[in-house]
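Hi,

Here is the structure I promised to pass on.

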Amino acid sequence: VFPFEKAFYERHGVNVDFVGHPLLDDVQARWEYRPQNEVRENPRIALLPGSRPSEVRHHAELLKATVAQVLLTHPTTKFILPVAPTLDLEQVRLAFADCPAIQVTPEDSREVLKSVDAALVASGTATLETAIVGTPFALFYIMSRSSAFVVRYVARYRSFFGMPNLLHNAEVVREFMQEKATPIALAAECNRLIEDESYRQAMAEKLIQCRDLLGRPGASNRAASHVLSYFDGRSTPSLDFLPAYT
């Protein structure tokens, strides 16, 4: 489903086709640009802490502290946190109850992303969704110490974690992982996204290119078509390799 996967498998002798990414069929929202004077007067930032309860626990204090830092420079900033359907809305509201500047909402995250000026997004599928929408953002993540050990090992063999950066093989969005994910660092990036229109627009243009790099809509149908064409004209394949069930 990613273009660089085809070359990887082919290097190892596996016959594969790039069918595109199925998210292109699901994500229809498109980022709505606002003039710089409106952004400066009333900035709007989306906060996506993750889709699992553990991610909300790890990221709640970081995001609240980041919001406090941003408000020191841009006191009219509006922060919107759409709650993933995998989470309990009231529990998320409770986690952010002591930060009234954050509006917790059950609204679909893609619609929220469409209407904000920038976003802070936890590493995961949401970063790819944000890229497809086209919203400028920064990527962050804090994990357990054991998971962080594994990530540091993997980091020796790859330059980036965020899918937009992997697609471009360049730092399109800033990544703030583990100890680099601090309120000061995230607030500084938020302020830059608010204040620097050329920076924000250049990032948005790169994110729009991610859509093209992911192929065309219809990935699932193309995948099914490839499977059917593989067996076309052949006898029913043997299933003897499957374990017997009683």
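Helices α7 and α11 are roughly perpendicular to each other, because their packing angle of about 105° falls in the 65 to 115 range that counts as such. Before you read on, keep in mind that this is a predicted model. Helix α7 covers residues 125-133 and helix α11 covers residues 197-213, and their axes are 7 Å apart.

Who makes the contact? On the α7 side you'll find Ala131, Ile132 and Val133, and they meet Leu207, Cys210 and Arg211 of α11. Sorted by type, the residues of this contact come out as five nonpolar, no polar and one charged.

While you're looking at α7, click on Thr127, which is also found in this helix. Is Thr127 buried or exposed? Its relative accessible area is 3%, and anything under 20% counts as buried, so Thr127 is buried. The side chain of Thr127 reaches the backbone oxygen of Gly124 at 2.6 Å. Leaving aside residues up to four places away in sequence, Thr127 touches Val121, Ala122, Phe137, Leu139, Met163 and Pro164.

Now for the whole chain. The protein has 12 helices and six strands, and 41% of its 246 residues count as buried. If you take the contacts between residues at least 6 apart in sequence, 70% of them join residues at least 24 apart.

Cheers

Notes:
Residues are numbered from 1 along each chain as its sequence is written. This is a predicted model: local features need pLDDT of at least 70, side-chain atom pairs count only at pLDDT 80 or more; totals for chains, interfaces and linings use all residues. Side-chain values use heavy atoms; hydrogens and water are left out. Helices (H or I, at least four residues) and strands (E, at least two) are DSSP runs, numbered from the N terminus. Buried means under 20% relative accessible area, exposed over 50%, partly exposed in between (1.4 Å probe, protein chains only). Contact means heavy atoms within 4.5 Å. Axes are lines fitted to C-alpha atoms, for helices over the stretch in contact, and angles run from 0 to 180 degrees between N-to-C directions. Angles under 35 degrees count as roughly parallel, over 145 as roughly antiparallel, 65 to 115 as roughly perpendicular and the rest as oblique. Ala, Val, Leu, Ile, Met, Phe, Trp, Tyr, Cys and Pro count as nonpolar, Asp, Glu, Lys and Arg as charged, and the others, Gly among them, as polar. A polar contact is a pair of N or O atoms within 3.5 Å; within protein, one must be able to donate a hydrogen and the other to accept it, and residues adjacent in sequence count only if both atoms are side-chain atoms.
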